[in-house]
Amino acid sequence: MASIFTKIIQGEIPCEKIIETDAEIAFLDIMPSASGHTLVIPKLEVMRLEDLPETQAISLMRTLQQVAKAVSTAFDGIDYNLILNNGANAGQEVEHIHFHVLPRAEGSPGPFRKHIQYAEGEMQEVGARIRNCLWWLQFLKIFTRTDADELCRHWNWQ
Ligand code: AMP
């Protein structure tokens, strides 16, 4: 079902984008409960988790894990909630499946209890910080996965 998120995916509505893959997009929530509050969505237009084909659910989870780690790293290893409001009675307002990555500082109120407003330019700054962390995390992941011998061969080291 088309929703406001379809327009974001199609680039018709601007967003503070964190990452876009073939199958997912993550961006900052426009009415955040905390600084860095991020949404991770599949590009496929489905409302509920169980509507998502299994391979896409796995892909979404992979991206969610990376984005959540980047959000946490950007805020000095802050804790966070991962929230999926699945259906109207569960609080889902936008009818396109989305995970909230919600940073939780010590003593912060429960999810969605309050909203904050970014100062001018702050949302872009926060987005850049998270993107930067994500870049480094992805770089380290590729680097540490690569076999040391393979690297030596690649760079012609003995
Ligand atoms: P839910 O209640 O789980 O459906 O949450 C929907 C979320 O989407 C809310 O936290 C909204 O603030 C967020 N949201 C709605 N429109 C936009 C938008 N244009 N850009 C970013 N976030 C949005």
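1. Helices (H or I, at least four residues) and strands (E, at least two) are DSSP runs, numbered from the N terminus.

2. On the basis of the note: this is a predicted model, in which local features need pLDDT of at least 70 and side-chain atom pairs count only at pLDDT 80 or more, while totals for chains, interfaces and linings use all residues. Residues are numbered from 1 along each chain as its sequence is written, and side-chain values use heavy atoms, with hydrogens and water left out.

3. Ile 142 also deserves a remark, as a residue that lies in helix 3.

4. The C-alpha trace spans about 60 × 35 × 30 Å along its principal axes, and buried residues make up 37% of the 158 residues in the protein.

5. The ligand sits in the largest pocket. Here a pocket is an open set of points on a 1 Å grid over the protein atoms alone, where a 1.4 Å probe fits and protein lies on both sides within 12 Å along at least five of seven lines, and a molecule sits in a pocket if more than half of its atoms lie within 2 Å of its grid points. The elements that give two or more residues to the shell around the ligand are helix 1 (4-9) and strand 2 (24-28).

6. That shell holds 15 residues, the closest being Asp 29, Asn 85, Glu 93, His 98 and His 100, and a residue is near the ligand if one of its heavy atoms lies within 4 Å of it. By class the shell has 8 nonpolar, 5 polar and 2 charged residues; Ala, Val, Leu, Ile, Met, Phe, Trp, Tyr, Cys and Pro count as nonpolar, Asp, Glu, Lys and Arg as charged, and the others, Gly among them, as polar.

7. A polar side-chain atom of Asp 29 lies 2.5 Å from an oxygen atom of the ligand, whereas for Glu 93 a polar backbone atom is 2.6 Å from a ligand oxygen. A backbone N or O atom of Val 94 lies 2.9 Å from an oxygen atom of the ligand. Taken alone, the ligand exposes 500 Å², of which the protein buries 86%, with areas from the Shrake-Rupley method and a 1.4 Å probe.

8. Gln 92 is found in the loop between strand 4 (79-83) and strand 5 (99-104), and is buried, with a relative accessible area of 6%. The side chain of Gln 92 reaches the backbone nitrogen of Gly 87 at 2.6 Å and the backbone oxygen of Met 47 at 3.1 Å. Gly 91, found in the loop between strand 4 and strand 5, counts as partly exposed at 39% relative accessibility. The C-alpha atoms of Gly 91 and Ile 41, 50 residues apart along the chain, are separated by 16 Å.

9. Most residues other than glycine have a negative phi. Asp 76, although not a glycine, has a positive phi of about 55 degrees; its place is in the loop between helix 2 (54-74) and strand 4, and Asp 76 is exposed, with a relative accessible area of 76%. Phe 112, which is not a glycine either, has a positive phi of about 65 degrees; Phe 112 lies in the loop between strand 5 and helix 3 (122-145) and is partly exposed, with a relative accessible area of 32%.

Notes: A polar contact is a pair of N or O atoms within 3.5 Å; within protein, one must be able to donate a hydrogen and the other to accept it, and residues adjacent in sequence count only if both atoms are side-chain atoms. On a 1 Å grid over the protein atoms alone, a cavity is a set of points where a 1.4 Å probe fits but cannot get out, and a pocket is an open set with protein on both sides within 12 Å along at least five of seven lines; lining residues have an atom within 4 Å of a point. Buried means under 20% relative accessible area, exposed over 50%, partly exposed in between (1.4 Å probe, protein chains only).
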